[in-house]
Structure formats: structure tokens, C-alpha cells
Amino acid sequence: MLNPIPAMIALFAAGNPLTAPWTGPFGGVPHFDKVKVQDMKPALEAAMSEQLAEVEQIARRPDAPTFENTIAAMERGGRSFDRVTTYYGVWSSTMNGPEFQAVEREMAPSLAAFGDQITQNERLFARIAAVYESRDQARLTPEQKRLAWLYYTNFVRAGARLDATAKKRLSEINQRLASLYTSFSQNVLADETDYVHVLETEEDLKGLPDSLRAAASAAAESRGHKGRWAVLNTRSSVDPFLTYSERRDLREKVWRSFVNRGDNGDARDNNKTITEILALRAERAKLLGYETHAHWRLENAMARTPERAMQLLEAVWRPAVARVQEEVADMQAIADREGAQTTIEPWDYRFYAEKVRKAKYDLDANEVKPYLQLEKLREGMFWVAEQLLGLRFSPLTGIVTYHPDVRVWEVKDVSGRHVGLWYFDPYARPGKRSGAWMNAYRNQERFAGEVATIVSNNSNFVKGREGEPVLISWTDAETLFHEFGHALHGLSSSVSYPSLAGTQVARDYVEFPSQLLEHWLSTPQVLNRFALHHQTGQPIPKELVAKIERAATFNQGFATTEYLASALIDMRLHLAGGRTLDPDAFERETLAALGMPKQIVMRHRTPHFSHVFAGDGYSAGYYSYLWSDTLTADAYEAFSEAGGPYDTAVAKRLRDHVFAVGNTVDPADGYRAFRGREAGIAALMRKRGFPAP
Ligand SMILES: [Zn+2]
């Protein structure tokens, strides 16, 4: 039964194009051409009012609560809000600028308060609780039971059972946190954009390959230093410089400004913000009845408890650090042989690691790059999607996007049924955040009629000149496949209710499908067909592929240790409870106690750890990448044990129990159904080249 929206509510949203239903083909597509930043605030406000009115209508129904009139009714609602937050999210991450930042600062607390208004609605919660408690008598489908459980759990975890005073305090905390998250991330962004190292002379460029020199020249020009070269204070600019620059003094300078983002004792220093965030999170956890923020966060993750997550991190820590010692010894030997008269410092690691790679594996990253054309690899991903999941991609024209660089593909299954759209936004530009990510503009659902998903992949490749292929590094190619894995997770979704669709699974499970897809890049089937030399069209030579394979676990000491240090600090900070923390001192003392190798720094130091302090998302959750990788490594071995990476029976189990089910089943059950058993740590250790426990 449909719950018609009264005319009065429809009026709220009238006239603002950002809340308007999507029209056009494929069940409607986003109207990106209608977006104006000045419309964001009124649109968000209208959409929030509309949804609050819908919620109130459900809460005040006179009839007895049922799944249909309460939970399904909630699933039907909030559609204007979904649409406007899709635009808001796209602008926040890819079209950001001063005008939008002002809107973000203003709206962050209101959006937090809006969420609380819904979860603190007592009549609504009473109905949800009634549906949840009678779920076994009500003849619900397993998916409906899971959704009732999810609603009930989310409401309880957000404080639905607290008294009025506690609820009020909770909402104050959430609003204050939202403002702190916004200033944290705007401070990091400012430290990344404002510090620029200008290189003045040829001498400053010593060691840099041509492609890096060209990028540095373009970066300088864009910052008003035409005719010189610049290293920006971002990972994609800093890491290659640290890898190739022969100027040790400049490496140290560049390294220092990068690792001190948010930690310079100036107006943009994040330390006080972090102290306040941690105190508020600890207070909130106590209010909600949990020992610490980490206990609250992990309760409904696959790990369940901080102890289980810590157990995994600590099991890998020792072997990783032991490997670092070996790596440092290899590097020191080369430095000594070259007469460098230095001991390896953090700003030397990437530089000497590259030399070790060449010496040990005869593998030069610059030798691989000419075979990695972005568009060919994209075709390779499409080919993998068809082999593994039966999805076919075909390009579309005439679909409105928010930037001319964005392209759209239609996705169908093997029977020719439309399953969704894939938007691809590959290139860096000002106002786009760094890194790579996937998001869903619309979730798949079918409980009130078939609705196909719309997903997007975003990355920051440097756009080539017209007609020239864009060449990317091996790591970037892995990232491309990774994000495409998230997209396929969304596109494979086959569930009834939108809240359970696609990638909306536990945080420590969501990286599993994406990390898994990375493995198909290095399959001979992909490399032979799609890793083609940009000039000769020849496939990548077998000897080069063999070298890549032999070097697969190279530098894993470094990569695992820099990651683990961040994951351990994240967890320890959130297990520390309510005491007032000095983030710098805490970081220093904890790392010392752990025995952090002095040649390595955390991948994300606390003052710019955006995963953890730009929002709640990955707080006490950075361990998730390793947790997921445990599953990834074990799952890929399921293919190796069978007929190889394209084994159809294993692929079918993967689709049926992992990619298609979204959050309709418990992730541990889904994994067991796919693998026939639970994942252990052994495959993970093999994948990283560490001795098995
Ligand atoms: Zn990911």
C-alpha cells in the first residue's frame, strides 16, 4: 500500500530544481545542468522539512505498526533529500570551491541535527521497535527481517532509547562534531593547497624523469610560477618526488611539509580540534552506554569488538616490522656502495627502495608505464566484469553530466536487462579532492517497482593532450580496478529495499569486493589483451610481467607498517576513553611503545588523518582495510584452488553470495556461503610475503 504524500508537503520542494524528481531515460538521471550552488541551502532545507513531515506522518499513524506501514514507508520516503544530497556530495568532492565551502560550513550542523530529529522521534521509534520485536510472528521475508533489525539497531545506536536530557546533549555533541569535522578537513585542504615548493633551477630537478618534470612545470604554471617547477603538498605530487629526486635536502624539505599538514602551530593547526573531537566522541559513547567510541563503532562491524580488530593488527605488526629491518638493510647496502655516507631516514625510503627494486628484480616502473593506457585498461575492466559477473558496458551519449570530462556507460546483464549506469570522472582538476573513490547517485531497489542503480567512479589522473593516450602507473592501475570493484558491487546489487543495496555493508567488509577486483589486473588474460604499448600496440612482454609478479611482495614491510601504524593509533586514540589527550604526544609515545621503525612515518599522521577526523566514517575503523584484505587474500585463493581467476563456478558463488546480496545477509554468513568456511590469516600473510603464523 502506498503512503501518498499530502499536497502541502509537495509544496515545500516546489520550484527548486535540486529536489525535483529525475526525468529522462533509465528511470530518470540526475539533472546536473540545473545545479547552482546558491540553490543548495534552500534545497537541503526544503528536503529536510519534507522528510520530517513524512516521518511525522508515519509516526502518528493511528493503525497498529506493521513492516509495511512503518519500515517500508520509511524506505519510500526521503527521496527529495536523497536527490539533493547526491548533488551536494558530487559538488563537495569534485566541484568544490570557496562558495560551496561556505554552504558546507553552514549546513554541517543542520544536517547532523536533522538526523537526530528522526532517530529521536519517540513515536516513530516505538513503531520500529514493535515491528522488530514481532518480526518472527509477522511472516516477514529474511530480507524484511534484516531491514527491521537494521532500523531498530541504527535507532538504538543513535540514542533512541535515551531520556530527553541525554538526547538533547547527544544532539549538541553531534552538531558540534559536524562543525569540527568540517574545519578539520578544510584545514587539511588548505595545508595541501597553500604550501608549494617551487624548484628554481635545473639542479633542483636532478633525478626526476621527464613525465615528472612536465607535471612539475604544469603545476608551477597553475600556481603563477610560469617557467619554473613546483612540487605540490599532496600525495600524488610528493610520493613521486621522494622516489626520484636525487636532492636529499629537497626530499627532506618536501617530506617535512607533507607529514606536518595540520600540525604547524598556526591558525590551521588541527591538534586542539582533535582533542575536542576525541573528548566529545568519548562522552557520546558513554551516553549511549558503551565503554569507548571504539566499542560503539565496532559493535555492528564484522569485527564486533576492538579487541578482535586489535588482535589482527598486532598479529601482522611484528612480521611487518621485521621485514622493514630487512628492507632498510638492503637500502643501506646500496647507499654505502654508492658512497652516500648517510643512514636511511624517512625521506630516503622511497628513493632507495626504487634502487633496490631495480637491483633485486630488474624492474623499472618507467618501463611498465608505456603499456598502461587508461582507456585500454578501462576496456580491460569491462571485459573482467563480463567474465566474472556477466555485466556488459556500452557507452552512452546525450546524458547530462556536471563536467565535460565525465562520461557515462549503460550496464546490462547477459540477458540484456538494464541494470544501471556508470559515470566515469577520471581527471584531476581544481576543486576535486585527491585520491579515488566510488559513490552511488541512486541505489538499486525493487520493493515498489524496479529501480536501477546509478554509480560513479572518480580518480585524479592527469589529463593528456588531445588525442594522446593517458599513461598511468601500476599502482594507479590497481586503484582503478579497486574503485571499479566498488562500482561492480553496486551494479550487481539485487535486493528489494534501497537501504540494504549495493555497498551499504559493514565498513570492514566493504573493501573486500574492491580489493578483490585488483587481483584481475595482473591476470595474463587482461595484460595480453589490454596492456598494450601506446606506440607499437604490442602487448606487455612476458618477461616484464614475470618481473612484476616476482616483485609482488616487494616493499611490503614499508607499505604494511606505515598503514598499521595509522590503524593502531586510530584504535588506541579511541580506546583511550574520556581523558584529555595531546594528539602529538600520544602519537609519539604510542609509536615508541610499539617499536615503530625510525625510518618510517605513519601513512596518515593524526593531525591530517581525514579518514578518522573529517567524519565518523572510518573512526576506529582504519583497521577495516586489513580486515577486508584478510577476506580478499583468502577469497582469491578460492579461484587459484579451482580453475584459476576466471573459474565460472567460483565466480558464480562470488556473485550470488557477495556482490549481489548487499546488506541483506550478515557478512560473515555471506562469506561462509561463498567460501564454505571462514577466512583465516594465512592467505593474507602469503599475499604480503610474510611468514605464516
Ligand atoms: Zn575502497
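Reply: Let's start with Arg-139, which is exposed, its relative accessible area being 80%. Keep in mind that this is a predicted model. Arg-139 sits in the loop that runs between α6 (122-133) and α7 (142-157). Its backbone deserves a look too: Arg-139 has a positive phi of about 55°, although it is not a glycine.

You'll find Asp-362 in the loop between α15 (349-361) and α16 (365-368).

Now for the metal. The zinc ion takes its protein donors from His-482 (NE2), His-486 (NE2) and Glu-511 (OE), at 2.0 to 2.1 Å. Along the chain, the spacing of these donors reads H-x3-H-x24-E. His-486 belongs to helix α18 (residues 474-491), while Glu-511 comes from helix α19 (residues 507-518). Those two are 25 residues apart, so the pair ties together distant parts of the chain. While Arg-139 is exposed, His-486 and Glu-511 are both buried. In this model, buried means under 20% relative accessible area and exposed means over 50%, so the 80% of Arg-139 puts that residue on the exposed side.

Zooming out, the helices named so far are part of a set of 28, and the protein chain has seven strands as well. The radius of gyration is 25 Å, close to the 26 Å that the globule rule gives for 693 residues, so the chain is as compact as a globular protein of that length. If you draw a box along the principal axes, the C-alpha atoms fill roughly 85 × 60 × 55 Å.

How much of the chain is buried? Of the 693 residues, 57% are.

As for the surface, the protein chain exposes about 28,900 Å², and carbon and sulfur atoms supply 52% of that. Finally, the charges: there are 83 positive and 88 negative ones, and their mean positions lie 2 Å apart.

Note on methods. Residues are numbered from 1 along each chain as its sequence is written. This is a predicted model: local features need pLDDT of at least 70, side-chain atom pairs count only at pLDDT 80 or more; totals for chains, interfaces and linings use all residues. Side-chain values use heavy atoms; hydrogens and water are left out. Helices (H or I, at least four residues) and strands (E, at least two) are DSSP runs, numbered from the N terminus. The radius of gyration is taken over C-alpha atoms; the globule rule is 2.2 Å times the number of residues to the power 0.38. Buried means under 20% relative accessible area, exposed over 50%, partly exposed in between (1.4 Å probe, protein chains only). Accessible areas come from the Shrake-Rupley method with a 1.4 Å probe; for residues, only the protein chains shown count as cover. Lys and Arg count as positive and Asp and Glu as negative; His and the chain ends are not counted. The place of a charge is taken as NZ of Lys, CZ of Arg, CG of Asp or CD of Glu. Donors are N, O and S atoms within 2.8 Å of the metal (3.2 Å for Na, K and Ca); water is not among the atoms, so sites may look incomplete.
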